[in-house]
Each structure stands twice: as C-alpha cells, then as structure tokens.
Amino acid sequence: MLGRSALSRTGSFRPENLGQNAMVMIGNLCFTLFVIGVLIFTIIAATYEPEDPLFHPSTKITTFLTSTSNATFKSDNSVVKTGEDFMRPNETAIAAFINITDVQNPTPDSTECEGGVDQPIDCSDPDVFHLMMRAAIEVFRDIHFYRFGKPVRGSNESTCDMAWRFRPKEGKTASFYKDYRRFVISKSENCTLSVLGIGDYHTGVNARKKKRNQKPGFQKQEPAATLPVVGEVVNDSLPVVESEGSFSQGKYLVYIGGGDRCKSMNHYLWSFLCALGEAQYLNRTLIMDLSLCLSSIYTKSNRDEEGKDFRLYFDFEHLKESASVLDQAQFWSDWNKWQKKDGLNLHLVEDFRITPMKLAEVKDALIMRKFGSVEPDNYWYRVCEGETESVVQRPWHLIWKSKRLMDIVSGIASRLNWDFDSVHVVRGEKARNRELWPNLDTDTSPDALLSSLQEKIEDGRNLYIAANEPDTSFFDPLKDKYSTHFLDDYKDLWDEKSDWYSETTKLNNEAPVQFDGYMRISVDTEVFLRGKKQIETFNDLTSDCKDGINTCSTAAS
C-alpha cells in the first residue's frame, strides 16, 4: 500500500470512473484540435492573396477561352469585371459625409433687406450657398454628400446651379458620383430665401466644370483620390511624346497580329492586360491599338464590327494617368520620323514561349512581339502562362469602366432617387433550351416571378428589371404590385440630345456612335448592381444551374 501512487488513492482512476475520464480526455483533445484548426484557417485566410482578381488560375480561364467543345457557354456575352469592382471603399473617407447639422442655417438680415426683394438672386452669397446645401440634403435622403461646389448663376436671375460629390447611402461599389442641378430660389418681402424647386439629374450645366481660380466649396475632408468619380468632365485625349529627344530615350513594347481580335470582351481584356503587365515588368511603354473589333455576340447585325474606340468602353483617362501607354498610330508616325535618324533598334520576338524574363536585358528601343495565324497559340495571353504567371501580374487596377457609360448608370439610379430594388431575369436562348435549362422558362414566367418576388420585395417598390427579354410587355403583370423600370425607359440619356451622344460623336471624328449591345449589357448590369435588394435568376428564381444541367457544383469552383 505504501508503494501506491498518491493519485491512485484519490479515487479518480478507480475502475468505475475510467469511462468517464476517457470521455473527458477525448472531449478536451477534440476541442484542442478544433482551436488549432480555426487558428490555422484564420492565418491562411488573413495572408492569402490570389494572383488575379478573377480568383482562378490562368490555366482554367485559358481552357475556357480556348474551348471548342459544345459547352453551355456557346458565347460569352457577360460584362467583364474591371479594377473598380475589386476596390474596397476607404471607410474613413466614406464616413466623412456632410450632415445637415454641419451646414449653417441662413438667417435674413432685415436691416439690409430694404429694396432688395426685387434684386436678382446672388448665387455667390454664402446664405444662398447654405440654403442650397441644406435643401439638397433634405430632398435627397438616400445619398450621402461629400463635397458641394460653389453655386453659379443658372439660366436666369432666380436660378443657381450647384454641383456635389456623393455616394448612395447603401452603395457597395468603391466610387464617388458627381451631380449638378439647377435650383429655383425665391426671396420674400423680409428677404427670407427659399428653394422652390430642384431640377433633374445634370440640369445645372453651368456648374458642371469647375472654373479656374474658383474658390473651394464645402467639404469635411478630401475624399480618397484613388476612387473613381463618375460625372466629372472626361479628358481622354491621346498622350503625345513631347520631343524627339524624349521619344529616342524611351523604351517600348508592341504586340502585333494574333487571334484575339473580335473575341469576347473577357478574352480581349485577358490578353490586353497580359501585354500591359509585361510592359510594366520590362519598364517599357505599351504601344496600344485603340481601335477594337466588337464581337458579333454584342452587335445588332450579328456580325463582328471593326473600328470601335477603346475609350467608348473603358476609362482611358485613368489608364494613361496610371500607366505608360501610347496610341499605335501616333507611335508609328514618330518612329518613322526618328528611327533611322536616331539609330533606334527593333527586337523581334515571334515565339510566345520566349518569356518576359528573357527579354529583361534587351536594350533595343522597341520590342515587337509578332503573333501568327494558328489559334490558340497566337493568343496574346499565352505569353503570361507557365512560369511567367508567377512573375508578371495583370494590372487589373488600371482598367476601369467608361465614365461616360457609368454616368448613364448614375443618371438612371438618380432618377429612381437611389431607392429601388432590382431583379436580373435571364431568358432568351437559355429559356428556349429545355434540355440544358428545363425549368428556366417556367420559373421566369410573369406568374412565377410574382410568386417569387412577393416573398422578397415589398409591394409598391421601384423595381428595376435587367433582362434579355426584348419585349418588356412580357413583364406587364408585375406592374400590379411594383413600379417597374427598364433600360429603354431612359433612352434620352444616350439619344441625340444627350451628353453621351455629343461627347462620343466628337470622340469618333464627328461620326455618331451606336449604343451597342455591350454598352446595353454593361449599363443594365451596373444599374441592377445598385439596387438595394438584388434578385438573381439562378440564385433566387430557379433551381436550374447557370451553365446548364448538372453544372451547379462546378460553376462556383
């Protein structure tokens, strides 16, 4: 007995207690393993950074883009994701919006009122400025204001125009917006000022462009400069080389030929960003062709259409300010003038398997990658495959959507006071193909939509319907419960009298620009994404898989 351990005398390890103790030990061990697993997962999640914002390896996207099988994606007519889609809003800047309590309440001075009732409204008067700011904050309750510009005279003696920078209160995108409106102001007998009315979106045209030497308006703090601002005057003029000396000292990269032309926008950007990424890796200026070929999947003619300007679809102003790029036509003009005179050499590369790393030591002024005629080996993005993938990163942050198109999006949302819900209804070819989508046609019928939406969206709400159904009267039954809105309800934002029409015509050498299929898809999708509640077809309305039968598990991978 004296040799027994003290523990044996406690009773804890008596035979009748062994089962209980074993269970306690197993429970503690399992909890310890669980805590360790959570810790490891947290560390991985916090430190993981995907190589590309598409969150897929290049090989998977390449396989999709080059597939020749009769896959359910017969054509890719979706809207491409661009840099601003992956940006996170600056929480500090977004929190610094202007409250009505930040704005002084104007008080009339009766001693100075005599004889002033019939005088024109002085838009530079601080009291007028404060009145207009307070009126805007009170009227537009679904947006946050970040900056007010100084008012300027409107169309007559009783109107003033004022611009402001804002975001929707429930905005999910990392963008600011600019609006400018016309205010009708009256003055009573005791000189009390009041706002009689505020015009529609972008009616305050005299306040659109900031005047030189104009004093700053009102803001709590300078918003983050790196975020897109939709609604500002766009300056997408072509960059030029200042002098022969500057041109001769430069280093350039150009891609020639290849099979990427007239492919989908997803394909185009995947290849273009490879070229731009290589140029940045080599510290060279990318020579780019601003003339695109729009794939037949986006055109009314169902044929590929050449001569589309890059600037109609993407923000060239942001690109040229953030990266070193030159227009191809301008470059070759300068090259032909100065190449022989200044002894500038060209280094030709005709094999995509020659990696950017092997070109890093090339001293010649111009590296030209020339692609052949055999697909898919003549696709530009092949340069960024293999070992290059881990070295050359696609600079997604440099590509933003066209601010002119996004201004149309802002115009539609503003007319709905940024207070609407949205539903994306996919029908068209997929609804007709019952073999791959057996339930889609029935699940997106008007009766089925009413049944599905009544559980998700309150009666009487503004409902924006983004759909590929050409006949919008198909959705007429929804009008009994909702105020329905469609893209074509806002044609005046791109018709012959619109800012978009006049600016794009000027950009296109005075030739009118068609609001094409890709633009329609882009605007329709972006308006949908600004709804307070967003109802998707394949997530919310039908049990069918987005890419066809039995693909739901792979679609998310």
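Helix H12, residues 446–453, is mostly covered, with six of its eight residues buried. Keep in mind as you look around that this is a predicted model.

- The buried residues of H12 are Pro446, Ala448, Leu449, Leu450, Ser452 and Leu453.

**The four-stranded sheet**

- Strands S14, S15 and S17 also belong to an open sheet of four strands, whose order is S16-S15-S14-S17 and whose pairing is parallel.
- Strand S16 (483–485) and S17 are the edge strands; each has a single partner strand, so one side of each has no neighbour in the sheet.
- Three bridges connect S15 and S16, which pair in the parallel sense.
- Helix H14, residues 517–528, lies across S14, S15 and S17, and runs at about 145° to S15.

**Disulfides**

- How many disulfides does a search of the whole structure find? There are four, and three of them are described here.
- Cys123 and Cys160 form a disulfide in which the sulfur atoms are 2.0 Å apart. Its torsion about the S-S bond is about -90°, so this disulfide is left-handed.
- That pair links distant parts of the chain, 37 residues apart: Cys123 sits in the loop between helix H3 (91–95) and helix H4 (126–139), while Cys160 is in strand S3 (residues 159–168). Both Cys123 and Cys160 are buried.
- Cys262 is joined to Cys293 by a disulfide with an S to S distance of 1.9 Å. With 100° about the S-S bond, the link of Cys262 and Cys293 is right-handed.
- This pair, too, links distant parts of the chain, 31 residues apart: Cys262 lies in the loop between strand S7 (252–257) and helix H6 (265–281), and Cys293 lies in strand S9 (residues 291–294). Cys262 and Cys293 are buried.
- Another disulfide joins Cys545 to Cys552, with 1.9 Å from S to S. The torsion about the S-S bond of Cys545 and Cys552 is about -110°, so the disulfide is left-handed.
- Are Cys545 and Cys552 buried or partly exposed? Cys545 is buried, at a relative accessible area of 9%, whereas Cys552 is partly exposed, at 41%.

**A buried arginine**

- Arg182 is part of strand S4, which covers residues 176–187.
- With a relative accessible area of 18%, Arg182 counts as buried, because the cut-off for buried is under 20%.
- Leaving aside residues up to four places away in sequence, Arg182 touches a list of residues that includes Thr159, Asp161, Thr203 and Asn206. Cys160 is also one of its contacts, and this is the cysteine that forms a disulfide with Cys123.

**The protein as a whole**

- The protein has 16 helices and 17 strands.
- Of its 557 residues, 45% are buried.
- Among contacts with a separation of 6 or more, 71% are between residues 24 or more positions apart.
- The accessible surface of the protein is about 29,500 Å², and 51% of that surface belongs to carbon and sulfur atoms.

Technical notes
Residues numbered from 1 in each chain as written. Predicted model: local features only at pLDDT ≥ 70, side-chain atom pairs only at ≥ 80, totals over all residues. Heavy atoms only, no water. Helix = DSSP H or I, 4+ residues; strand = E, 2+ residues; numbered from the N terminus. Buried < 20%, exposed > 50% of the residue type's maximum accessible area, 1.4 Å probe, protein only. Contact = heavy atoms within 4.5 Å. Pairing = 2+ DSSP bridges. Axes fitted to C-alpha atoms, helices over the stretch in contact; angles between N-to-C directions. Areas by Shrake-Rupley, 256 points an atom, 1.4 Å probe, with all protein chains shown as cover. Disulfide = S-S within 2.5 Å.
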